[in-house]
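Subject: Structure for your files, with notes

Hello,

Here is the structure I said I would pass on. My notes follow it.

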Amino acid sequence: MSKIAAVVTSGYEDSELTSPKKALEDASHSVDIIEAKAGNEIHGEHGDVQKVDVSIDDADFDSYDALLLPGGGSPDALRVDARYVNFVKEFLMANKPVFAICHGPQFFIQTGLTNELKLTAYTTIRYDLFYAGAEVLNAPVVVDSKHKLVTSRTPDDLEDFNRESLQLLK
């Protein structure tokens, strides 16, 4: 089965990490949480706590089959660090599956590849993505099969997001 990298830090929207992570693991995939330092605890906006599996400095792109980008405040906090942006960019350039929900697509702006993508995102960043050149839709889930990209808007869309993410891994 696939090995998925989840790039996330404290301030994430709890369900946008826990729900896809559970769905992926229930389907026999493994998920590594990647942040600054392995062993750190990260905290969601609503009380969830997760342990970091791999530091961004030790994360080997070639070891992963797909990427998960949960929303909340996490993407905005991490996208100022080139290590995370470059890791995300590698997945897009290699056409490996990427699953981004809510604010997760904010990462794409820094990659310089936004103009190639079809996606959706949380209301407040859809315009940023549009002005960066993306084809932005307002739908519960958007699958850009050309780029192996699954995006959704909010936790209300998690059922569709999880289903399409799992489908892309088949």
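The structure holds five aromatic pairs (ring centres of Phe, Tyr or Trp, the last by its six-membered ring, within 6.5 Å; planes under 30 degrees apart are stacked, over 60 edge-to-face, the rest tilted). In one of them, the ring centres of Phe 61 and Phe 91 lie 4.9 Å apart with planes at 80°, so this pair is edge-to-face. The two residues come from distant parts of the chain, 30 residues apart: Phe 61 is in the loop between β5 (54-55) and β6 (66-69), and Phe 91 is in helix α3 (residues 82-94). Helices (H or I, at least four residues) and strands (E, at least two) are DSSP runs, numbered from the N terminus.

Before going on, the conventions. This is a predicted model, in which local features need pLDDT of at least 70 and side-chain atom pairs count only at pLDDT 80 or more, while totals for chains, interfaces and linings use all residues. Residues are numbered from 1 along each chain as its sequence is written, and side-chain values use heavy atoms, with hydrogens and water left out.

Aromatic residues

Both partners of the pair above are buried (under 20% relative accessible area; exposed is over 50%, partly exposed in between; 1.4 Å probe, protein chains only). Phe 61 has a relative accessible area of 11%, and Phe 91 has 0%. Phe 61 and Phe 91 also belong to one aromatic cluster with Tyr 64 and Phe 87.

Lys 96 is over the face of Phe 61, at 3.9 Å from the ring centre. Lys 3 is over the face of Tyr 64, at 5.1 Å from the ring centre.

Asp 32 is buried, at 15% relative accessibility. Apart from residues up to four places away in sequence, Asp 32 is in contact (heavy atoms within 4.5 Å) with Lys 3, Ile 4, Ala 5, Ala 6, Asp 53, Val 54 and Tyr 64.

Backbone

Most residues other than glycine have a negative phi, and most peptide bonds are trans. Asn 95 is not a glycine, yet its phi is positive, about 60°. Asn 95 is in the loop between α3 and β7 (98-101) and is partly exposed, at 27% relative accessibility. Cys 102 also has a positive phi, near 65°. Cys 102 is in the loop between β7 and α4 (106-111), and it is buried at 7%.

Thr 151

Thr 151 is in strand β11 (residues 149-152) and is buried, with a relative accessible area of 0%. Beyond its neighbours within four places in sequence, Thr 151 is in contact with Ala 100, Pro 105, Phe 108, Leu 119, Thr 120, Pro 140, Val 141, Val 142 and Phe 161. As for Phe 61, its C-alpha atom is 21 Å from that of Thr 151, and the two are 90 residues apart along the chain.

Salt bridges

How many salt bridges does the structure hold? There are nine (a side-chain nitrogen of Lys or Arg within 4 Å of a carboxyl oxygen of Asp or Glu).

Arg 83 and Asp 57 form one, with the closest N and O atoms 3.0 Å apart. This bridge links distant parts of the chain, 26 residues apart: Arg 83 is in helix α3 and Asp 57 in the loop between β5 and β6. Arg 83 is partly exposed at 37%, whereas Asp 57 is exposed at 53%.

Asp 160 and Arg 163 form another, at 2.8 Å between the closest N and O atoms. These two are three residues apart in helix α6 (residues 158-169), so about one helical turn separates them. Asp 160 is partly exposed, at 24%, as is Arg 163, at 43%. Arg 163 also meets Glu 164 in a salt bridge, 3.2 Å from N to O, and Glu 164 is partly exposed at 21%. Elsewhere, salt bridges with shared partners join Asp 57, Asp 81 and Arg 83 into one network.

Regards

Definitions and conventions:
Lys NZ or Arg CZ within 6 Å of the ring centre and 35° of its normal.
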